[in-house]
Amino acid sequence: MGRRSSKKSQEPPADPMPARVEPCVATLIDRPPRGQDWAFEVKWDGYRLAVHVEPGRVRIITRGGYDWTSRFPSIAAEATQLGHTTMILDGEAVVLDDKGRSDFGLLQRALGKKPSLHDPSEIFFFAFDLVYLDGRDLRRLPLLERRRLLEPIVAGGDGVIRLSEEVEADGEEFFRIACEHGLEGIVAKHRGKPYHSGRRPDWLKIKCARRDSFVIVGYEPSTVPGAIGRLLLAARKGEGLVYVGGCGTGWTYPESLKLRELLDTIRTDQPTVALRRKGAVTRPVLVAEAEYRAWTQDGKLRHPSFKGLREIADDPGVFDLSILSPRK
């Protein structure tokens with residue numbers, strides 16, 4: 001792969017190599033932190049993995065502790081060529097869309113049984129931390145030192161294992177640009193902190209939320225009597241409407257009761273869109289404003305949350321699927 005080989009330590013292992021390292025997990029916050037102590041990266045939308053390079057083998061371990069080595073053969077093969085006998089890389093496996101953005105739907109298809117334009121060889125691994133190297137447990141070192149050791153190993157390569165670059169920018173400005181370009185968000189990491197497993201304030205994530213209006217075409221009842229389980233939503237397509245998924249969060253229990261009572265007044269036996277889900281069908285006269293993360297490959301909303309309700313006559317800006325591709 002044309003990788004330059006790094007010098008291996010000649011000293012005996014100072015620290016036993018852990019069979020698994022529970023990953024450090026970022027804490028969700030609303031705005032990026034300020035100050036020189038924070039480093040910023042793109043938030044990748046993929047599978048969090050730890051790549052264990054051991055004498056004679058490579059293991060790829062998921063965030064939940066499962067061995068998925070067989071699912072990522074290209075990453076496993078390239079990991080043996082990085083010039084070190086023992087190593088644990090922390091990073092994210094992703095598939096990139098035609099604009100260079102990570103797309104979780106494309107990754108799922110590349111790993112799954114559904115027809116896909118992407119195969120497992122197009123899955124990249126963006127390494128953003130190094131927790132073990134040549135007999136040394138690096139978790140006690142600050143992030144600044146871990147990155148200093150990581151970068152010569154994976155930076156500058158054109159293979160499937162790549163460096164998740166730190167961005168030298170003001171956090172607020174980087175976040176704004178990331179959202180404008182349709183990224184999932186950014187991650188902020190404290191340069192002076194060691195690697196701690198679990199959810200920590202040393203790593204922070206700031207997500208780009210998208211917010212649009214969708215026509216309510218029905219609902220699924222809740223298991224709680226009289227309440228809403230999921231709103232069934234549709235977007236415009238040409239002169240008609242197309243189902244784009246269900247929304248099951250964003251309201252309180254009293255709000256759910258009132259919403260169910262309102263929707264029951266506009267129930268109909270003639271559905272506006274084709275619905276495979278069982279539930280009540282409503283006339284398309286109300287619009288839900290929803291916040292969501294992204295779109296799936298089959299045109300459904302990812303993680304929508306209800307934010308408000310209006311009449312369709314008062315909201316001409318119902319989402320139009322014709323602009324889905326550039327926004328995805």
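This is a predicted model: local features need pLDDT of at least 70, side-chain atom pairs count only at pLDDT 80 or more; totals for chains, interfaces and linings use all residues.
Biologist: How are the rings of W44 and F126 arranged as a pair?
Modeller: A pair of aromatic rings is described by the distance of the centres and the angle of the planes. The centres of the W44 and F126 rings lie 4.0 Å apart. Their planes meet at 15°, and planes under 30 degrees apart count as stacked, so the pair is stacked.

Biologist: How many residues apart in sequence are the parts that W44 and F126 tie together?
Modeller: W44 belongs to the loop between β2 (38-42) and β3 (47-54), and both W44 and F126 are buried. F126 is located in strand β6 (residues 124-133), so the pair ties together parts whose separation in sequence is 82 residues.

Biologist: Is the pair of F214 and W295 stacked or edge-to-face?
Modeller: The ring centres of F214 and W295 are 6.1 Å apart. Their planes stand at 65°, and an angle over 60 degrees is the cut-off for this class. The pair is therefore edge-to-face.

Biologist: Which residue lies over the face of W203?
Modeller: The residue in question is at 4.0 Å from the ring centre of W203. It is also linked with E41, R147, E151 and E166 in a network of salt bridges. The residue over W203 is K189.

Biologist: Where in the chain is E184, which meets K43 in a salt bridge?
Modeller: The side chains of K43 and E184 meet at 3.3 Å, N to O. K43 counts as buried at 14% relative accessibility, and E184 counts as buried at 9%. K43 is in the loop between β2 and β3, 141 residues from its partner. E184 is in the loop between α4 (171-180) and β9 (185-190).

Biologist: Which strand holds E291, the salt-bridge partner of R211?
Modeller: R211 and E291 have their closest N and O atoms 4.0 Å apart. R211 counts as partly exposed at 41% relative accessibility, and E291 counts as partly exposed at 27%. R211 is in strand β11, and 80 residues separate it from E291, which is in strand β15.

Definitions and conventions:
Residues are numbered from 1 along each chain as its sequence is written. Side-chain values use heavy atoms; hydrogens and water are left out. Rings of Phe, Tyr and Trp (its six-membered ring) pair if their centres lie within 6.5 Å; planes under 30 degrees apart count as stacked, over 60 as edge-to-face and the rest as tilted. Helices (H or I, at least four residues) and strands (E, at least two) are DSSP runs, numbered from the N terminus. Buried means under 20% relative accessible area, exposed over 50%, partly exposed in between (1.4 Å probe, protein chains only). A charge sits over a ring if NZ of Lys or CZ of Arg is within 6 Å of the ring centre and within 35 degrees of the ring normal.
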